[in-house]
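Here is a brief report on a protein model. It covers charged pairs and a pocket.

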Amino acid sequence: MLPILYSFRRCPYAIRARLALHYAAQAVEIHEVALSNKPAEMLAISPKATVPVLQLADGTVLEESLDIMLWALRQNDPQQLLPPENELADTLALIAENDGDFKHWLDRYKYATHHPEQSLEYYRQQGEVFLHKLEDRLAEQTYLSGPTITLSDIATMPFVRQFAHVDKAWFDGADYPKLQHWLQAWLTSEVFLKVMAKAKP
């Protein structure tokens, strides 16, 4: 019996979970979820009702994308995406900033009309604080935590992708040459195209 991943194709949390599962060569049965009609079997094991959710063969349920990523790569990590234990704290701190402040401002930038207390430009500028940090990292190395892809990259890329697509013309013209190259390489990669394959709910 394969683990079951409840997923939604465009959700950045689900994208990074699928990426980690792919890199770990972990076979799963993917159930694409219609957010307007969430399956009862998912709600029964995860009342929080958000994707991704991974149900393991032994019945264990992982409800957070980071937990799914860490579980998958600890099963099998042929490309060494997990950093050594002495470097894991730095990676987790970057992911926490992505999932915290950056996600907060990303949501307001993406849905600025729902947050009229500030302008779209203000929300974008707040989100740029994190983009600057990523640009600085990429100015020194090919990927966010070194010369090869790591957990840092797969955990943050789906959110940077979402930020870029709020106003693609602005992002393409902004002064983030390293970040733009990094993101474009991801978006055209075989791995990304594979995990973004469309599936019917």
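## Lys 133 and its partner

Lys 133 is partly exposed, with a relative accessibility of 41%. The model is predicted. Lys 133 forms a salt bridge with Glu 97, and their closest N and O atoms are 2.8 Å apart. Lys 133 belongs to helix H5 and Glu 97 to helix H4, so the pair ties together parts that are 36 residues apart in sequence. Glu 97 also counts as partly exposed, at 23% relative accessibility. The cut-off for buried is under 20%.

## Asp 90 and Arg 137

Side chains of opposite charge can pair when their charged atoms come close. Asp 90 and Arg 137 meet in a salt bridge through their side chains, at 3.3 Å from N to O. Asp 90 sits in helix H4 (residues 85–110) and Arg 137 in helix H5 (residues 120–140), so this pair ties together parts that are 47 residues apart in sequence. Asp 90 has a relative accessible area of 43%. That makes Asp 90 partly exposed.

## Arg 124 and Asp 167

The side chains of Arg 124 and Asp 167 also meet in a salt bridge, at 3.9 Å from N to O. This pair links distant parts of the chain, 43 residues apart. Arg 124 is in helix H5. Asp 167 is in the loop between helix H6 (151–166) and helix H7 (168–173).

Is Arg 124 buried or exposed? Arg 124 counts as buried, at 12% relative accessibility. Asp 167 is partly exposed, at 28%.

In total, the structure holds six salt bridges. Among them are Asp 90 with Arg 137, Lys 133 with Glu 97, and Arg 124 with Asp 167.

## The largest pocket

The largest pocket has a volume of about 290 Å³. Its lining is made up of 15 residues. Which of them lie nearest the centre of the pocket? They are Arg 18, His 22, Ile 30, Lys 194 and Val 195.

Four elements are named as giving two or more residues to this lining: strand E1 (4–7), helix H1 (12–23), strand E2 (29–32) and helix H9 (190–195). H1 gives the most, with three residues. By residue class, the lining of the largest pocket divides into eight nonpolar, three polar and four charged residues.

How values were computed
Residues numbered from 1 in each chain as written. Predicted model: local features only at pLDDT ≥ 70, side-chain atom pairs only at ≥ 80, totals over all residues. Heavy atoms only, no water. 1 Å grid on protein atoms, 1.4 Å probe; cavity = no way out; pocket = protein on both sides within 12 Å on 5 of 7 lines; lining within 4 Å. Points joined across faces, edges and corners; volume = space filled by probe spheres on them. Nonpolar A, V, L, I, M, F, W, Y, C, P; charged D, E, K, R; others polar. Salt bridge = Lys/Arg side-chain N within 4 Å of Asp/Glu carboxyl O. Buried < 20%, exposed > 50% of the residue type's maximum accessible area, 1.4 Å probe, protein only.
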